[in-house]
Amino acid sequence: MDRPCYSELLGTSLTVGQVIRRMRNTYCRYIGVQYLHLEDSEARNWLQAWMESTENRRVLSRFERVHILTKLIEAETFERFIRKKYLGAKSFSLEGGESLIPLLDLAIEQAASHGIEEIVIGMAHRGRLSVLTNILHKAPNEIFQEFDDSHSERYWGRGDVKYHMGYRSKHTTTAGNEIQLRLAFNPSHLEFVSPVVIGRVRARQDRRKDVARRKVLPIVLHGDSAFAGQGINQETFNMSALPGYDIGGTVHVVVNNQIGFTTPAESCRSSHYATDVALMLKIPIFHVNGEHPESVAQVIQLAMEYRHRYRTDVVIDMYCYRRHGHNEGDEPAFTNPLMYDLIRKRDSVVDSYVKHLVSPDGVSQDEVDRITAERLVYLEEEFKLARASEDDEPTPVAPVSWPWDRYLGGKDADCPRVESGVSKDDLAKFLIATTTTPESFKILPKLRRILDQRVEMAKGNRRLDWAAGELLAYATLLSEGHHVRLSGQDSGRGTFSHRHAVLRDRTDEARHLPLAHLSGDQGKFEVYDSPLSEQAVLAFDYGYSIDRPDSLTIWEAQFGDFCNGAQVIIDQFISSAEDKWDLLSGLVMLLPHGFEGQGPEHSSARLERFLQLCAEDNMQVVNLTTPAQIYHCLRRQVIRAWRKPLIVMSPKSLLRLPAAGSSLEDLAKGGFQRVIGDQLERGPKTLKVKRILLCSGRLYYDLSAYRQDEGREDVAIVRLEQLYPLDHAGLRDELQPFLPGGAHAQESIQVFWVQEEPVNMGAWYYLRAVFGESFWGRAPFGHVARDDSASPATGSPTSHKREQAFLIRRAFGAA
């Protein structure tokens, strides 16, 4: 929409009195705007011209006013109906902030006029039920059934409360445009859904090949206390204009009811406004009185136009109030008596707006009464329908929509295993392609030596290292048309300088991604060095994985130890979303892990925490030992129809350990091995086994070297490559020859789980819970680990070496 430019506005002759009156009308009534910090002078002048030329008032037709009134009545009537029918039940009412509903309705109308085809909304619990029914058109009878909880047997040990649930629908605007709406699922952790929503939007834009970021819009709703108090917002704002995370701007709406549970503003933030964190970006912040719906209409029009024109975030701070306590069973006057004395005496938003509208030339009271009565009748009919449905079978789950109709969750055993090999010739060709650059591209000599080693691997003259296995997984998937996205701190090069998926020209630092140039019909390859954030970036990539099940989506930690900076995302989304919300994800987390003398913050990805979260085949946890295994594991993640998060305890020293190499043949045949059996060739003259060592990850190579050096043929070493879901049958097959009665077993046999971590960490407690004190009643089951410790590892490299040597000797019964 075109508006006069600022120079035209300045050309208008005004008296001083007229200027003062215009400024007061523009900035000192129901709307205040922070925009003078905008560095883009064209954007600043455009916004100023629009606001001052209209005196920040939107001229509304009678139809538009009645439409706003109708949305307000729908919001108020719904909340009061819920409170009457379900006295004392938690619904987290929107009363006092009902203007949110016409705000969202107007945003959807305007978005559709801009060519937006999808909107993804994120919000916490306040007002969520009203948004579900009044914006996303969820039938009220479905919400009433959730209050009645008449099908509790369906949710034994699973599901979530009604005000955390998501929804999707199609909406037709008043202009006849159809737009898809999605409300993202959200836990009680308030603001953490923001980067999840933005990741989902990026995925949906990418699926549409919407490189201009014009077809899918995120709208994120916040509370004032949470917006100021939770650091995830700063991290999300910081990502907003970065190449790997840009989505063309988010519309942020703060429902500012001026209190956080019981805490007033002066106790929950040091800044003047709840939205001051957004000043880190050069974006406009609109403050508006939520009790003046027509000013809300002006602000959402301004914000949407600005976002459409300048492709940045915009923030709306809608001042309102919370008529009841934090929930409907809470008494707010205990802690805020003066505030709630004022609120009890205050007209509702609907009553206030009706007083403004009712006039001989405006809306009649009869019209207001009719709108209200019609809505009440509708809700009563829906309530009766809900009660009549109590004895019916639960409403079937809506059919899964594209692209998820090709994928499944559920049990691991229900999805067939896959072969993931690719011909040696193709592997060699792709490996050489990872070293190929444009003719004029100049590489550092040190990096050229690394690439030359890959050429030798492709020729079969050198065993594949970890980077080769990983890159070949990406290359083969790309050649099959799959999309690959990798993001994390230093992911282009790799924390340990092993990957080099992004090459830099040493003369001008130009980027070249060899994997993006395999062929003309390949899938898209993306790798992004992320900002120094765990939780927002992981949340974004998790959100991305939800809407791109066809993609290999990877988040990589700089060190696995740092992933606990994103523990909320791991606990509330990644591990539990399927159980709570029937929401699947194929996200891969690469977490460098291993005790190598680098201290307590560079040793452990906290394997034990992931295993504690494992149940109902909700995710996969692996600790791999060869390049072939990472290759097959990553390919399996895409080729298989089963979509579960994959947690990889990725290596550090193994990246270049010669003993940990693989051959092209290892990648060309077969598939991922969940269990790798003992590799010692055993014949009639080999000593019988009296001890079985189970292990995973890099520790295997220390154990194997000690066995060879000490000639301990009486010890078998079996690797658990996948710790969850455990392959019980595969493990039994590998252990069978060494258990009592087996071909290579002594009469008395012991099985030990060996881990580098302290005994109270790592996989020991998990495995002991699974197997008990013995393996299938045939051999006692014990452990070898470091002593229990409050901290993962020593900070002394010398002490680490001594501890490690002692651990290995103990594993063989030599200490």
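**Exercise 1.** In which sense do strand β9 and β10 pair, and over how many bridges?

*Solution.* The model is a predicted one, in which local features need pLDDT of at least 70 and side-chain atom pairs count only at pLDDT 80 or more, while totals for chains, interfaces and linings use all residues. Residues are numbered from 1 along each chain as its sequence is written, and side-chain values use heavy atoms, with hydrogens and water left out. Strands are DSSP runs of E with at least two residues, helices are runs of H or I with at least four, and both are numbered from the N terminus; two strands pair if DSSP finds at least two bridges between them. Strand β9 (residues 285-289) pairs with β10 in the parallel sense over five bridges, and Val288 has Met318 of β10 as its bridge partner.

**Exercise 2.** Characterise the packing of helix α19 against helix α20.

*Solution.* Helix α19 (residues 535-547) and helix α20 (residues 567-574) pack at an angle of about 25°, with their axes 8 Å apart. The two are therefore roughly parallel (angles under 35 degrees). In the contact (heavy atoms within 4.5 Å), α19 contributes Gln535, Leu538, Ala539 and Tyr542, and α20 contributes Ile569, Ile570, Phe573 and Ile574.

Definitions and conventions
Axes fitted to C-alpha atoms, helices over the stretch in contact; angles between N-to-C directions. Parallel < 35°, antiparallel > 145°, perpendicular 65-115°, else oblique.
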